[in-house]
Amino acid sequence: MRRFHELKKEWGFEQIESLETFKDVSNGYLFNDSCAFGADVFVMKHTLNSETLSVFRREDLTNPTFRWEIKEFSKMDKSIISKKFCSGETNWYLWIHPKGESSKNGKALSIFLTLDDDDSAHNNSTIYAEFYLRVIDQLNSKHKEGAANYRWFSGGKGWGFPEFILLEDLHKSSNGYIVKDSLIVEVEFSIMSRTKVSNSKN
């Protein structure tokens with residue numbers, strides 16, 4: 001079962017059959033160097049619930065970018081969370097593990113974007129976001145960046161990168177990521193939407 005909407009107009013399969021099997025004429029997919037494709041579509045019965053989708057692109061968002069400076073970074077050992085910030089009428093946090101998640105401990109910095117679980121505005125709704133996470137190069141402006149696409153947030157769920165940047169590269173002074181024991185991380189939203197479901201009573 002798949003939902004189609006403005007942000008997701010296509011669904012399918014990256015591999016429906018191997019080329020070896022497809023080209024084997026004994027399997028019947030090819031006949032006289034021709035093949036046929038088809039699709040059966042079944043529409044689900046309406047549940048009498050209504051669903052609204054609001055879409056905001058970067059130029060429509062309030063505060064599309066949030067920057068977080070972490071001072072005395074060398075003293076940070078356990079996971080740390082940014083102050084709450086608002087973008088697209090939604091409250092968020094940035095959450096980092098200076099030495100990685102437990103499974104990645106000592107190897108790489110982990111960084112995640114998390115929806116504020118106490119935000120009453122997203123009750124009965126799901127938030128969709130496409131965004132970039134960055135560690136700022138304070139010397140050369142060659143920032144470390146990761147793109148997160150097609151991410152749905154609900155119930156305080158977070159998305160990000162368990163291994164965003166190797167600690168060896170993060171702490172290398174010539175890379176400019178940590179200057180005067182200060183690390184700067186950033187999130188920039190490119191698209192955000194809110195899907196809200198309303199229950200209709202008979």
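**Entry 1: overview**

I looked up burial first: 32% of the protein's 202 residues count as buried, where buried means under 20% relative accessible area, exposed over 50%, and partly exposed in between (1.4 Å probe, protein chains only). I note that this is a predicted model, in which local features need pLDDT of at least 70, side-chain atom pairs count only at pLDDT 80 or more, and totals for chains, interfaces and linings use all residues. Residues are numbered from 1 along each chain as its sequence is written, and side-chain values use heavy atoms, with hydrogens and water left out.

I then read the surface: the protein exposes about 13,800 Å², 48% of it from carbon and sulfur atoms. The areas come from the Shrake-Rupley method with a 1.4 Å probe, and for residues only the protein chains shown count as cover.

**Entry 2: elements**

I found 2 helices and 11 strands. Their order from the N terminus is α-β-β-β-β-β-β-β-β-β-α-β-β. Helices (H or I, at least four residues) and strands (E, at least two) are DSSP runs, numbered from the N terminus.

I also checked contacts, meaning heavy atoms within 4.5 Å. Of those with a separation of 6 or more, 66% join residues 24 or more positions apart.

**Entry 3: the core**

Which residues touch the most other members of the largest nonpolar core? They are Trp92 and Phe189, in a core of 31 residues. Among the elements that each supply at least two residues of this core are β5 (90-97), α2 (167-170) and β11 (182-198). A nonpolar core is a set of buried Ala, Val, Leu, Ile, Met, Phe, Trp, Tyr and Cys residues joined through side-chain atoms within 4.5 Å.

I listed the contacts of Phe189 beyond four places in sequence; they include Trp92, Phe85, Leu113 and Phe131.

**Entry 4: Ser182**

I located Ser182 in strand β11. Ser182 counts as buried because its relative accessibility is 4%. Its side chain makes a polar contact of 2.8 Å with the side chain of Glu69. A polar contact is a pair of N or O atoms within 3.5 Å; within protein, one must be able to donate a hydrogen and the other to accept it, and residues adjacent in sequence count only if both atoms are side-chain atoms. Beyond four places in sequence, Ser182 also touches Ile70, Lys71, Gln138 and Tyr177.

**Entry 5: Leu30 and the cysteines**

I placed Leu30 in the loop between α1 (19-23) and β1 (50-57). Leu30 is buried, at 19%, and touches Phe22, Lys23, Val25 and Cys35, residues up to four places away not counted. Cys35 is partly exposed at 35%, and Cys86 is partly exposed at 36%. I found 0 disulfides, a disulfide being a pair of cysteine sulfur atoms within 2.5 Å.
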